[in-house]
Amino acid sequence: MQGLYEAEFFLLHRIQELRAPFLDWFMERVSFLGNGGWLFIVTGLLLIVPKRTRRVGISVLLSLLCGFLIGNLFLKNAVMRSRPCWLDGTVALLVASPADYSFPSGHTLAAFETAVSVFLYHRPFGIVMLALAACIAFSRMYLFVHFPTDVLCGMLLGAVIAVCVHILVEKYKRYGILDMRKKSHAKHDNQRNAE
């Protein structure tokens, strides 16, 4: 474990060598997009409104819920990994030191859940979302608040959750469970037949 920490700190310190005023400004703002998952929740809510993107919105929101339960509530508190900024105070932080544990990266987890969910339905927009997710993931290391393995596991777990939720949503769609309009028509037809 000590060897892993040394390797990760080595990589984080090499990333710190990239520091420049514009990158500092950019990484702070990119990372802000993942704060509290607000951007991804808004994305899911906007996608759920039009009928043609409703399944994407449902997938995004369900993925975020699963990621929150698995990553933020369970894994962070089970692993209880300290953040790099807690262990090494030599790097000047550009953001406030987070209060929760480090593993996995919640920003990265939510970003990849959303990006992969969108990608599975709409590749061009999904690629844009994946690029944004990658920037958010890198920003967490640049800002010295996550180890590389926190970010890597956030990416992998986010992708797996998004794929599993996608499969589930498509399965229920085949049975018509998610088609509210179809249900309301069927109910209306049954009422007419009863009359």
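A pocket is an open set of grid points with protein on both sides within 12 Å along at least five of seven lines.

**Figure 1. The largest pocket of the predicted model.** The volume of the largest pocket is about 410 Å³. Its lining comprises 27 residues. Those that lie nearest the centre of the pocket are Gly-34, Gly-36, Gly-37, Asn-72 and Gly-106.

**Figure 2. Helices and residue classes in the lining of the largest pocket.** At least two lining residues are supplied by each of helix H2 (21-32), helix H4 (54-79) and helix H6 (106-119). H4 provides the largest share of the lining, with six residues. By class, the lining of the largest pocket divides into 11 nonpolar, 10 polar and six charged residues.

**Figure 3. Packing of H2 against helix H7 (residues 123-142).** Two packed helices are described by the angle between their axes and the distance between the axes. For H2 and H7, the angle is about 120° and the axes are 9 Å apart. Angles of 65 to 115 degrees count as roughly perpendicular and those over 145 as roughly antiparallel; H2 and H7 are therefore oblique to each other. The crossing in which H2 passes H7 is left-handed.

**Figure 4. Residues in the contact of H2 with H7.** From H2, the contact involves Leu-23, Asp-24, Met-27, Val-30 and Ser-31. These residues meet Cys-135, Ile-136, Phe-138, Ser-139, Arg-140 and Tyr-142 in H7. Seven nonpolar, two polar and two charged residues make up the contact of H2 with H7.

Technical notes
Residues numbered from 1 in each chain as written. Predicted model: local features only at pLDDT ≥ 70, side-chain atom pairs only at ≥ 80, totals over all residues. Heavy atoms only, no water. 1 Å grid on protein atoms, 1.4 Å probe; cavity = no way out; pocket = protein on both sides within 12 Å on 5 of 7 lines; lining within 4 Å. Points joined across faces, edges and corners; volume = space filled by probe spheres on them. Helix = DSSP H or I, 4+ residues; strand = E, 2+ residues; numbered from the N terminus. Nonpolar A, V, L, I, M, F, W, Y, C, P; charged D, E, K, R; others polar. Axes fitted to C-alpha atoms, helices over the stretch in contact; angles between N-to-C directions. Parallel < 35°, antiparallel > 145°, perpendicular 65-115°, else oblique. Left-handed = near helix turned anticlockwise from the far one by under 90°. Contact = heavy atoms within 4.5 Å.
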